[in-house]
Amino acid sequence: MAVVLVVNSGSSSFKYQLIEMDGEEVLASGLVERIGEERGRAEHVTAGGTTETTAEIRDHTAGFGVMLEAFAAHGPSLEEHPPTAVGHRVVHGGARFFEATVITPLVEINIDELAVLAPLHNPGALQGIRAARAAFESIPHVAVFDTAFHQSMPPEAYTYALDRETADKHRIRRYGFHGTSHKFVSEAAAAHLERPLTGLKQIVFHLGNGASVTAIDGGRSVETSMGFTPLEGLVMGTRTGDLDPAILLHLQRRAQLSTDEIDDLLNKKSGLVGLAGANDMRDLTSRAEAGDDRAQLAIDVYTHRLRAYAGAYLAQLGGADVISFTAGIGENVAHIRASALRGLEFAGVRVDPDRNSSVRRGAITRISTDDSRVAVLVVPTDEEVEIARQTLAVASARVP
Ligand code: ADP
């Protein structure tokens with residue numbers, strides 16, 4: 001029986017899941033946070049309940065010690081369910097990693113070097129990898145990159161119309177993110193429809209706090225809305241998405257904002273929060289229903305952008321067979337799904353209002369009408385299971 005430990009590590013916290021692969025069942029999950037602060041905190045969740053501990057957790061190595069203690073004290077026993085491999089989520093694989101990869105010292109160096117492109121993410125992932133490799137010495141560790149799925153994009157999709165020399169020198173191109181989720185959802189959609197992945201043209205909307213949309217042809221990403229960083233594309237919880245880059249110059253020259261202030265503005269103070277002061281769609285929806293104009297405008301800007309991308313990707317793919325919605329907003333907010341596809345009947349997209357408003361939580365649901373040429377689905381994403389699947393596949397294929 002194969003068991004995979006999935007680790008998603010940031011600079012001051014990490015999350016984990018222990019997954020039994022036959023039934024893809026989560027045996028335990030948890031979180032270690034406030035690493036490096038005086039009072040660290042850990043949470044361990046099993047079928048028997050949740051336990052919490054607080055203590056100083058000096059670094060990631062100490063964090064893995066806390067995790068191992070939680071397994072020993074509250075189960076499940078790692079002797080009875082020994083992990084076959086450890087899968088690590090890594091945000092940026094640059095143009096170097098186009099698939100999940102067994103971690104070697106050279107791979108660690110590459111992930112470190114790619115921190116130039118993902119300064120907020122790759123260093124934390126690397127700290128987690130190093131600590132986990134020390135805690136689980138004898139089994140393979142695999143890096144699963146958010147960018148890897150999008151390495152199949154053709155040059156015309158990933159190249160910015162920027163001076164070639166400057167772009168090449170600084171490795172500026174579209175990389176795309178959320179790849180693990182887009183891959184999982186497109187495969188789950190094909191399986192649900194009982195149609196081969198290779199014959200399907202798909203559009204996947206991942207609408208969480210971060211949001212992106214991907215056009216997938218025969219199982220390969222051919223275009224995605226996030227670009228050089230996860231800032232480009234759709235309107236998000238706190239990020240602008242697409243913006244005229246001259247606005248940045250204007251803010252520097254006229255408003256005298258510093259680089260850090262602009263970074264903060266675009267990534268943390270914009271999007272739904274910037275437009276309406278909140279990024280929770282439940283909150284915005286009830287405010288809009290009560291007549292709040294700011295909340296209504298935020299929703300309208302959000303869905304206007306979704307429709308623009310739906311249209312663009314339908315054109316790039318030459319029509320679609322499947323459109324899927326996933327993540328917090330995609331899975332839970334019917335009016336956003338309806339608005340995202342409004343006016344696309346001419347392209348064969350017909351959403352059934354009753355089906356759309358009665359989606360079962362956690363299940364794949366078809367929300368298009370029976371006569372809709374395009375199947376529209378709500379597909380719960382599971383990035384941990386996808387990381388575990390890829391980890392097991394790569395670890396099993398490894399030449400010992
Ligand atoms: P991420 O993983 O990117 O942090 P999620 O996929 O968990 O985000 O999505 C978070 C967002 O989903 C929240 O900002 C919230 O607006 C929205 N969301 C989650 N559940 C619901 C719900 N039941 N109704 C409305 N919105 C929801």
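1. Contact, as the word is used in this note, means heavy atoms within 4.5 Å, while helices (H or I, at least four residues) and strands (E, at least two) are DSSP runs, numbered from the N terminus. The model is a predicted one, in which local features need pLDDT of at least 70 and side-chain atom pairs count only at pLDDT 80 or more, although totals for chains, interfaces and linings use all residues. Residues are numbered from 1 along each chain as its sequence is written, and side-chain values use heavy atoms, with hydrogens and water left out.

2. Thr180, Ser181, Lys183, Phe184 and Glu187 in helix 6 are in contact with Glu383, Val385, Glu386, Ile387, Arg389 and Gln390 in helix 15. The axes of helix 6 and helix 15 (residues 383–397) are 9 Å apart and cross at an angle of about 90°, which makes helix 6 roughly perpendicular to helix 15. Here axes are lines fitted to C-alpha atoms, for helices over the stretch in contact, and angles run from 0 to 180 degrees between N-to-C directions; those under 35 degrees count as roughly parallel, over 145 as roughly antiparallel, 65 to 115 as roughly perpendicular and the rest as oblique.

3. Charged side chains also take part in this region. A salt bridge is a side-chain nitrogen of Lys or Arg within 4 Å of a carboxyl oxygen of Asp or Glu, and Lys183 and Glu187 form one at 2.9 Å, N to O. These two residues are four apart in helix 6 (residues 179–193), and so are separated by about one helical turn. Lys183, at 22% relative accessibility, counts as partly exposed, and Glu187 is partly exposed with a relative accessible area of 27%; the classes are buried for under 20% relative accessible area, exposed for over 50%, and partly exposed in between (1.4 Å probe, protein chains only). Lys183 and Glu187 belong to a network of salt bridges that also links Glu24, Glu386 and Arg389.

4. Across the whole structure, a search finds 22 salt bridges. In one of them, the side chains of Asp146 and Arg89 meet at 2.5 Å, N to O. Asp146 lies in the loop between strand 8 and helix 4 (155–158) and Arg89 in strand 6, so the pair ties together parts that are 57 residues apart in sequence. Asp146 counts as buried at 2% relative accessibility, whereas Arg89 counts as partly exposed at 22%.

5. Another salt bridge joins Glu108 and Arg130, whose closest N and O atoms are 3.0 Å apart. With Glu108 in helix 2 and Arg130 in helix 3, the pair ties together parts that are 22 residues apart in sequence. Glu108 counts as buried at 10% relative accessibility, and Arg130 as partly exposed at 45%.

6. Helix 3 itself (residues 122–135) has 14 residues and reaches 20 Å from its first C-alpha to its last, close to the 20 Å expected at 1.5 Å a residue, where the expected span is 1.5 Å times one less than the number of residues. Its buried residues include Asn122, Gly124, Leu126 and Ile129. The buried residues of helix 3 pack against strand 1 (3–9), helix 1 (60–74), strand 6 (85–90), helix 2 (105–113) and strand 8 (141–145).

7. A nonpolar core is a set of buried Ala, Val, Leu, Ile, Met, Phe, Trp, Tyr and Cys residues joined through side-chain atoms within 4.5 Å. The largest such core has 57 residues, and Ile203, Phe205, Leu207, Met281, Tyr302, Ile336 and Leu341 touch the most other members. Helix 11 (residues 293–317) gives the most to this core, with ten residues. Apart from this core lies another, of 29 residues, among them Val4, Ala188, Leu200 and Val322.

8. Most residues other than glycine have a negative phi, and most peptide bonds are trans. The peptide bond from Gly75 to Pro76, however, is cis, with omega near -10°, and Pro76 is placed in the loop between helix 1 and strand 6. His178, in the loop between helix 5 (164–169) and helix 6, has a positive phi of about 60° although it is not a glycine, and counts as buried at 12% relative accessibility. Gln256, also not a glycine, has a positive phi of about 55°; Gln256 is found in the loop between helix 7 (246–253) and helix 8 (259–268) and counts as exposed at 61% relative accessibility.
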